[in-house]
Amino acid sequence: MDVIAVKGLDFSYGNTQILKNINFTVPEGRFAVLLGPNGAGKSTLIKLMLGELPLSGQTGKIELLGQEIRQFKDWKKISYVSQNGMASCQNFPASVEEFVQAGLYTQIGKFRFAGKREREQVRRVLHQVGMGDFAKRLIGRLSGGQQQRVLLARALINAPRLLLLDEPTSGMDEDSTTLFYRLLYQINREQGVTIWIVTHDRKRLMAYADDIWLLEDEKMKLVQP
């Protein structure tokens, strides 16, 4: 099954065309990477896939998990990690475990306390990303690499089938970046989560990626394998 299928997609901002006749698929369980220069439309494509930009008036279609994006309902099966996603949380008085637990609001409700099962879910994903010992630490006191791992834990808390990431290692040092990529690879291989990551870091991701796509000059092509 194709988790992502984009067919004949055109997209313009006003009179400026950003994407032209984009076609690609990502089968379930793949680790796929999207490369491209700044301004090529990579983030625009992710926003279209997340439903943050409307496709009305545009040509082509996007399907996620076999459903056309305009009618897509299974958002709990898709998680997203953004670039510098913790920027607004630096002074927020929440601990790591509280931040990750907030990702479970669809299960427990916004104003209810987490039960034993939910607390165990939080503990499990924090250990999975190597942040189990930081559960009580305030988010603002973590390094950039640690914060991104917490964001990853929150993205994993609902056991998604598809994980979308937009430049998730921006601002990380080399060691933190390498650790983050290894975590993604482990999650992909051990849990079968399909990964679609937007990045500039082709060199390091070549060792992990099943497919590498290049978006350039409004068009997209497969460059690996």
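## Gly66 and its surroundings

Leaving aside its neighbours within four places in sequence, Gly66 is in contact with Met1 and Asp2, where contact means heavy atoms within 4.5 Å. The C-alpha atoms of Gly66 and Asp2 are separated by 7.0 Å, although the two residues are 64 residues apart along the chain. Gly66 has its place in the loop between strand S4 (61-64) and strand S5 (67-68); helices (H or I, at least four residues) and strands (E, at least two) are DSSP runs, numbered from the N terminus. With a relative accessible area of 54%, Gly66 is exposed, on a scale in which buried means under 20% relative accessible area, exposed over 50% and partly exposed in between (1.4 Å probe, protein chains only).

## Basis of the model

This is a predicted model, in which local features need pLDDT of at least 70 and side-chain atom pairs count only at pLDDT 80 or more, while totals for chains, interfaces and linings use all residues. Residues are numbered from 1 along each chain as its sequence is written, and side-chain values use heavy atoms, with hydrogens and water left out.

## Helix H1

Helix H1 (residues 42-49) has six of its eight residues buried, so this helix is largely enclosed by the rest of the structure. The buried residues in H1 are Lys42, Thr44, Leu45, Ile46, Leu48 and Met49. After H1 comes Gly51, whose phi is positive, near 75°.

## Aromatic pairs around Phe24

The structure holds five aromatic pairs, a pair being counted for rings of Phe, Tyr and Trp (its six-membered ring) if their centres lie within 6.5 Å, with planes under 30 degrees apart taken as stacked, over 60 as edge-to-face and the rest as tilted. The rings of Phe24 and Trp196 have centres 5.0 Å apart and planes at 10°, so this pair is stacked. Phe24 lies in strand S2 (residues 16-27) and Trp196 in strand S8 (residues 194-198), so the pair ties together parts that are 172 residues apart in sequence.

Both Phe24 and Trp196 are buried. The rings of Phe24 and Trp213 have their centres 5.7 Å apart and their planes at 55°, so this pair is tilted. Since Trp213 lies in strand S9 (residues 211-216) and Phe24 in strand S2, the pair ties together parts that are 189 residues apart in sequence. Phe24 has a relative accessible area of 3%, and Trp213, at 11% relative accessibility, also counts as buried. Phe24, Trp196 and Trp213 form one aromatic cluster.

## Helices H5 and H6

Helix H5 (residues 144-156) and helix H6 (residues 174-191) pack at an angle of about 15°, with their axes 10 Å apart; the axes are lines fitted to C-alpha atoms, for helices over the stretch in contact, and angles run from 0 to 180 degrees between N-to-C directions. H5 and H6 are therefore roughly parallel to each other, a term for angles under 35 degrees. The contact is made by Gly145, Gln148, Arg149, Leu152 and Leu156 of H5 and by Ser176, Leu179, Phe180, Leu183, Leu184 and Ile187 of H6. By class, the contact of H5 with H6 has seven nonpolar, three polar and one charged residues.

Asn188 is also found in helix H6, and at 2% relative accessibility Asn188 counts as buried. Leaving aside its neighbours within four places in sequence, Asn188 is in contact with Gly29, Arg30, Phe31, Val193, Thr194, Ile195 and Asp210.

Conventions: Parallel < 35°, antiparallel > 145°, perpendicular 65-115°, else oblique. Nonpolar A, V, L, I, M, F, W, Y, C, P; charged D, E, K, R; others polar.
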